[in-house]
Amino acid sequence: GEISFSSSSSSSHLLRRSYASESTPERKVAVLGAAGGIGQPLSLLMKLNPLVSNLALYDIAGTPGVAADVSHVNTRSEVAGYMGDEQLEQALTGSDVVIIPAGVPRKPGMTRDDLFNINAGIVKGLCTAIAKYCPNALVNMISNPVNSTVPIAAEVFKKAGTYDETKLFGVTMLDVVRAKTFYAGKANVNVADVNVPVVGGHAGITILPLFSQATPKANNLSDEHIVALTKRTQDGGTEVVEAKAGKGSATLSMAYAGALFADACLKGLNGVPDVVECAFVQSSITELPFFASKVKLGKNGVEKVFDLGPLSDYEKQGLEKLLPELKSSIEKGIKFANAN
Ligand code: NAD
Ligand code: LMR
């Protein structure tokens, strides 16, 4: 009795363990800019993700402390901190997903494009290293201006001969998170049930929430409500920048959104079916080479880019208005990458 009980329980335990390790593969995630306002809470949230086995926290300073702190959380992943250029290779090598929140944030009165001069160079340097040390990783670009930093990354990877358009993402998840929150508040529906696609880019009017496709449907929303919800979503970043009054931009909600998007990438890599999120990717659904829309995430990254679906007249106008600005931000990134 006793022996067979213990042997059967230990063999089922072993079976469970081997099943668990087959269904949850080893995955390394690197966070570049891990000691920053986004980087720290994002590193914590990635430490809570059971899909991560190895978490590499890289910054130009401060990562030993962040890594020591986060490493004490009793979850699956091994955590290591890396600091400075000479440790970037080790941080990146073997990464499946690289999340980039490195770079300066806005202060009141600035546009995201005002960050270009500093952040373009930072992103270019980091992407050069990604091309060398983990060319197959999925890159989640958070650094602003996303409308330009993603094209910069693409150009750097092209020059290195490693570009794979299915592996490069501008993270626009925070726009989706905001649209869901604001819609739920106005439509009086449970926020946990809400879905709203947000397309275009990640700056001002290039952010185009498609409330006509929002679910659950709300019949209490007037055209004025939709205009107000659209503007609030487009200005969500500025709302936080002004409230922080010089102390930076969204960090906590961004960490949440970044962790959600990285989780979707990991699920896709692991073969979970039907993982669909909005992201700014190489695209042919409009005349522009990059565009945010719903994408299906799979074992190699982007598996399918969904087109925009039916738009309201107001959304059609928004789309026409955003194209020139988004086009020029994309071209600015491409030009920078090829000139420097
Ligand atoms: P922050 O200044 O608090 O942190 C940035 C971190 O990047 C710092 O720790 C800094 O040391 C590090 N860094 C600078 N150069 C680096 C390099 N070469 N390599 C590695 N790390 C480097 O800023 P933050 O509030 O965390 O914002 C970071 C970026 O994210 C900004 O560009 C901001 O505009 C952007 N952002 C994007 C979204 C989005 O929705 N995509 C949302 C919020 C913020
Ligand atoms: C955001 O949307 O919160 C970020 O892009 C940061 C910013 O500058 O607004």
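Trainee: Leaving aside neighbours within four places in sequence, which residues is Arg112 in contact with?

Mentor: This model is predicted. Contact here means C-beta atoms within 7 Å. With sequence neighbours within four places left aside, the contacts of Arg112 are Arg106, Asn144, Pro145 and Ala203.

Trainee: Is Arg112 buried or exposed?

Mentor: Count the C-beta neighbours inside 10 Å: Arg112 has 25. A residue needs 20 or more to pass as buried. Therefore Arg112 is buried.

Trainee: Which UniProt annotation covers Arg106, Arg112, Asn144 and Arg178?

Mentor: The label comes from an unreviewed UniProt entry.

Trainee: Where is Arg106?

Mentor: Strand E4 covers 97–100, and helix H5 covers 116–133. Arg112 lies in the loop between E4 and H5. Arg106 has its place in the loop between strand E4 and helix H5.

Trainee: Why does His202 count as buried?

Mentor: UniProt, in an unreviewed entry, places the feature "active site" at His202. The cut-off for buried is 20 or more other C-beta atoms within 10 Å. His202 is buried because its C-beta neighbours inside 10 Å number 28.

Trainee: Where in the chain is His202?

Mentor: Look at two strands, E7 at 198–200 and E8 at 207–209. His202 sits in the loop between strand E7 and strand E8.

Conventions
Residues numbered from 1 in each chain as written. Chains lettered and ligands numbered in written order. Predicted model: local features only at pLDDT ≥ 70, side-chain atom pairs only at ≥ 80, totals over all residues. UniProt positions renumbered as here; feature names shortened; annotations may be inferred. Helix = DSSP H or I, 4+ residues; strand = E, 2+ residues; numbered from the N terminus. Buried ≥ 20, exposed ≤ 12 C-beta atoms within 10 Å, placed from the backbone. Contact = placed C-beta atoms within 7 Å.
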